[in-house]
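Trainee: I would like to go through the labels used for this model and ask what each one rests on.
Mentor: Go ahead, and we will set each value against its cut-off.

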Amino acid sequence: MSAEIVKKADSYAVEVDGVAVACVVPVKGAEDSFARLSDAAFLWTRKVSEPLVNMRMELTTCALPTFTMVPSVSYNGNGWGSTPEYVGDRAEDGTPWSFAWHRVTIPSCTFSATPLGSVALMAEAGEDTACSLYREGDAEKHVVIYPEEEKPKTLQRHFWGDAYQGEGRPRRSFTAIILAYPYEDKPIRYDGLLDFAWRYYGHALDVPMQPERIYELGITYTRYLYQKMQDGFSGFVSGTQWFRGNWTYQKNNGRFGLSWVGQSASMANAMIYHYLQTGDKEALEMGIGAHDAWLKYGKRECGLLDATIDYGDWRKKVYPPDYEPDPWQLGEAQYEDHKGYGKAKFRRDENGVVQLQIDACNSGGGAENYFEAYDLAKKAGIDKPEYLDAAYGILDFAITQQNEEGRYAKNWRADGTVISAKGTIGCFLILPMLQAYQRSGDKKYYDSAVRAFDYYYGSLERDGFTTAGALDTYCIDKESASPLLRDSLALYDMTGDKKYITASENIAHYLSTWLMHYTIEYPKDSVLGKMGYDTFGSTSVSTAHQALDQYALRDVISFLHLSEITGKKQWREKALVFYANASQCISDGTMYVNGRVRPAGSQDEAIFHTRWGRHGVPPFMPSQWLPAWPTAFRLEILRWYEGKWDVFRHGIDGIDGAIAHIK
């Protein structure tokens with residue numbers, strides 16, 4: 001297979017195996033030329049005789065696409081769910097959406113899969129560009145735009161911001177990259193784009209900190225988040241936020257999460273493991289105490305465990321329509337919950353009190369952690385059969401709720417009645433189902449897991465995306481695919497059936513669409529510049545939350561395992577880049593960012609790397625919310641990869657099969 005660009009009467013055609021899949025839209029007075037980068041890719045250069053500031057480099061498909069994508073921004077036009085996002089190819093006023101190059105995980109990239117072939121257009125990293133993708137007649141138009149713009153408005157966290165128009169600079173030469181390859185009758189057809197992007201934009205990346213130091217700081221922050229309440233409950237609070245009124249970071253007093261953001265159960269396991277490594281009895285008491293407390297205070301008759309335990313009263317209050325939160329009285333993350341979105345975020349009963357919700361993400365994580373807790377406690381000489389009972393109770397309940405298609409619900413009320421069912425989030429329950437089968441030999445758990453996997457993976461094959469794993473949004477996202485990858489690998493390990501290898505690679509390709517393939521150079525005097533943050537290897541959150549975070553820590557071991565199974569180096573490279581990126585900017589206790597000294601072991605949940613921000617924290621800033629979960633995930637990697645830490649001592653020296661840039 002080889003793509004070609006063929007001169008026509010007044011333009012150029014992009015052909016694959018002799019079939020035209022796209023056409024270059026000419027501009028009067030401009031001269032186009034094309035230099036081959038690979039069998040499928042070309043550097044497109046457009047030269048003009050007089051300097052211009054504005055240029056649109058346009059490509060139209062020769063057939064209507066069956067799937068379109070702006071990586072991490074739009075999947076087939078979005079529209080799944082209810083959270084504000086870019087829906088369709090244009091805004092309500094008919095203006096096609098345009099996105100800054102750095103909002104997209106491959107710079108200014110747009111992709112179409114058509115019956116004639118797959119086509120992508122993208123830009124060089126760092127170029128002053130934007131992109132647009134929209135239907136025009138019987139074709140899909142791909143555009144790289146000079147200079148950078150975002151129109152007709154910009155998506156922020158749950159609200160819309162103003163449009164942006166860059167000034168640009170006069171130039172005689174403009175570039176873009178064209179990629180084209182054959183149509184394949186398979187569900188995931190953006191794998192060719194991802195392979196090219198990784199080999200073209202990726203680069204060497206070293207780890208910023210050795211695993212021993214990461215472990216030490218992780219245990220330190222875990223201890224810091226531990227809290228014992230007046231009624232005897234104990235656990236690990238969900239994180240630390242900045243309080244402007246006190247000019248300091250403070251723990252989320254009395255706010256605990258079982259899994260997801262809070263990760264109290266995982267942190268409890270980390271402390272039991274730490275005891276086994278060091279003999280630290282206080283760590284053991286914290287871990288066992290936290291697990292016991294959750295069962296005492298958070299277990300429901302239906303078998304579920306509470307997803308959150310919150311001693312605060314703010315969710316119980318009913319705020320007047322004109323309520324305006326005071327940023328001097330609230331933490332920064334708390335301020336956003338109060339600012340507009342928070343009033344509608346939580347389901348309230350007829351008295352205005354927030355309804356308790358128990359979701360599949362926290363429930364699946366809870367079951368996994370209680371299985372592990374039982375094993376760790378046993379090694380510590382403590383028999384805790386109630387931990388097994390808690391895990392089985394969650395799973396037995398989920399089986400009773402599973403529908404004929406294999407789907408578990410998304411979330412339930414405290415009495416076990418379903419609140420909502422849609423989304424891929426139920427796949428968080430599959431891995432503990434498989435663990436339950438391995439422990440008990442009861443085939444009902446295996447059968448339930450397989451039915452659920454077939455349903456959730458089938459939706460990825462059908463739609464090209466997964467949904468609703470990030471609990472503060474209801475949209476297309478990446479967090480719902482991470483457990484699905486762990487599920488497929490576990491099924492392969494149990495059965496040896498190679499269909500699960502194919503499934504695992506397809507899921508990994510989807511996860512890779514969220515991967516930041518390049519480095520954004522920030523001004524040296526900016527906060528991100530001073531932090532030295534490198535975007536390469538981070539992952540965008542969802543189509544509604546277009547910030548970068550460390551959630552790919554959950555994929556590190558999965559991608560390493562996938563590389564071992566398939567022999568493909570790229571999966572290993574991505575695993576190590578995930579790990580190296582997520583190990584950046586961990587405070588050693590002296591880290592000073594934006595006028596604030598951070599607690600040892602803490603780290604931003606996200607980097608607002610593009611024109612996307614939240615109430616109280618503008619774009620191009622670190623989030624300054626220091627949650628529990630990145631620490632918990634790093635400690636999981638290090639205890640689950642015990643004895644194999646050497647793999648994390650270095651990042652990658654380069655990219656296997658790297659594609660050279662033309663200067």
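This is a predicted model: local features need pLDDT of at least 70, side-chain atom pairs count only at pLDDT 80 or more; totals for chains, interfaces and linings use all residues.

Mentor: Start with Phe648: beyond its neighbours within four places in sequence, Phe648 is in contact with Val207, Pro211, Val556, Leu560, Leu576, Tyr579, Ile637, Leu638 and Tyr641.

Trainee: What makes these contacts?

Mentor: Contact means heavy atoms within 4.5 Å, so each listed residue meets that cut-off with Phe648. Phe648 also belongs to the largest nonpolar core, of 187 residues, where Met122, Leu193 and Phe648 touch the most other members. Apart from that core lies another, of 23 residues, including Val14 and Ala180.

Trainee: Why is the pair Arg157 and Glu336 called a salt bridge?

Mentor: The cut-off is 4 Å between a side-chain nitrogen of Lys or Arg and a carboxyl oxygen of Asp or Glu. Arg157 and Glu336 come to 2.3 Å, N to O, so the pair qualifies.

Trainee: What does the pair tie together?

Mentor: Arg157 is in the loop between strand E15 (154-155) and strand E16 (160-161), and Glu336 is in helix H5 (residues 332-338), so parts 179 residues apart in sequence are tied together.

Trainee: How do you know whether Arg157 and Glu336 are buried or exposed?

Mentor: Buried means under 20% relative accessible area. Arg157 has 12% relative accessibility, so Arg157 counts as buried. Glu336 has a relative accessible area of 4% and is buried too.

Trainee: Which residue forms a salt bridge with Glu332?

Mentor: Arg596 does, with the closest N and O atoms 2.8 Å apart. Glu332 is in helix H5 and Arg596 in strand E33 (residues 596-597), 264 residues apart. Both Glu332 and Arg596 are buried.

Trainee: Why does Arg103 with Glu150 count as a salt bridge?

Mentor: Their closest N and O atoms are 2.6 Å apart, and the cut-off is 4 Å, so the pair counts. Both Arg103 and Glu150 are buried. A search of the whole structure gives 41 salt bridges, and Arg56, Glu58, Glu136 and Lys141 are linked in a network of them.

Trainee: How does the span of helix H8 compare with the expected span?

Mentor: Helix H8 (residues 385-401) has 17 residues and reaches 25 Å from first to last C-alpha, close to the 24 Å expected at 1.5 Å a residue.

Trainee: What do the buried residues of H8 pack against?

Mentor: The buried residues of H8, among them Tyr387, Leu388 and Phe397, pack against helix H4 (281-298), helix H7 (360-379), strand E26 (411-412), helix H9 (430-440) and helix H10 (443-463).

Terms used: Residues are numbered from 1 along each chain as its sequence is written. Side-chain values use heavy atoms; hydrogens and water are left out. Buried means under 20% relative accessible area, exposed over 50%, partly exposed in between (1.4 Å probe, protein chains only). Helices (H or I, at least four residues) and strands (E, at least two) are DSSP runs, numbered from the N terminus. The expected span of a helix is 1.5 Å times one less than its number of residues. A nonpolar core is a set of buried Ala, Val, Leu, Ile, Met, Phe, Trp, Tyr and Cys residues joined through side-chain atoms within 4.5 Å.
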